[in-house]
Amino acid sequence: MVTDIFIGDIPLVDGVIQQVILLPEQVKIYFQTEQGDSIIFSLEQVAAVWDRRSAGQEIGGMRTVPWSRTEAPVRDYLLAQVEQGELSEEWLSSLSMYSFVSSWGDHSILDIVASEIRTQRQ
């Protein structure tokens, strides 16, 4: 049975990303907490993904920032997508970057630019 869960109630530290599945405009991340609970993160209206071999890695936490406060290369990429007609201004304004941070350092192992994140317990 799958039930919705508030993201703040998930103990992320030392949990492991089991699998990352890329779908059109959606990313599903299968995650196991240190306590053994299975969680699914569903990111909707995905505009970009940068995965640094995240499957199988422990995470130390997650950061979320609006697209306009991301680093210059990310902002430039998204603005180029608007100029090319791949993203609308409205869609761009709804985007945030969700970054899963390694437990072995303060660096991101998975960055996803999306409009929404939902979490479910499996």
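1. The lining of the largest pocket is made up of five nonpolar, four polar and five charged residues. Here Ala, Val, Leu, Ile, Met, Phe, Trp, Tyr, Cys and Pro count as nonpolar, Asp, Glu, Lys and Arg as charged, and the others, Gly among them, as polar. The model is predicted: local features need pLDDT of at least 70 and side-chain atom pairs pLDDT 80 or more, while totals for chains, interfaces and linings use all residues. Residues are numbered from 1 along each chain as its sequence is written, and side-chain values use heavy atoms, with hydrogens and water left out.

2. Of the 14 lining residues, Glu 71, Met 97, Ser 99, Ser 108 and Asp 111 lie nearest the centre of the largest pocket. Two or more lining residues come from each of strand S6 (58-66), H1, strand S7 (96-102) and strand S8 (108-114). S6 gives the most, three residues. (A pocket is an open set of points on a 1 Å grid over the protein atoms alone, where a 1.4 Å probe fits, with protein on both sides within 12 Å along at least five of seven lines; lining residues have an atom within 4 Å of a point.)

3. The protein has two helices and nine strands, in the order β-β-β-β-β-β-α-α-β-β-β along the sequence. Both are DSSP runs numbered from the N terminus: helices are H or I with at least four residues, strands E with at least two.

4. Of the 122 residues, 40% count as buried, meaning under 20% relative accessible area; exposed is over 50% and partly exposed lies in between (1.4 Å probe, protein chains only).

5. There are three aromatic pairs in the structure. Rings of Phe, Tyr and Trp (its six-membered ring) pair if their centres lie within 6.5 Å; planes under 30 degrees apart are stacked, over 60 edge-to-face, and the rest tilted. Phe 31 and Phe 41 have ring centres 5.7 Å apart and planes at 65°, so they pair edge-to-face. Because Phe 31 is in strand S3 (residues 26-32) and Phe 41 in strand S4 (residues 38-44), the pair ties together parts 10 residues apart in sequence. Both Phe 31 and Phe 41 are buried.

6. For Trp 50 and Tyr 77 the ring centres are 5.9 Å apart and the planes at 75°, so this pair is edge-to-face. Trp 50 in strand S5 (residues 48-51) and Tyr 77 in helix H1 (residues 72-83) are 27 residues apart, and the pair links distant parts of the chain. Trp 50 is partly exposed at 28% relative accessibility, as is Tyr 77 at 34%.

7. One aromatic cluster is formed by Phe 31, Phe 41 and Phe 100.
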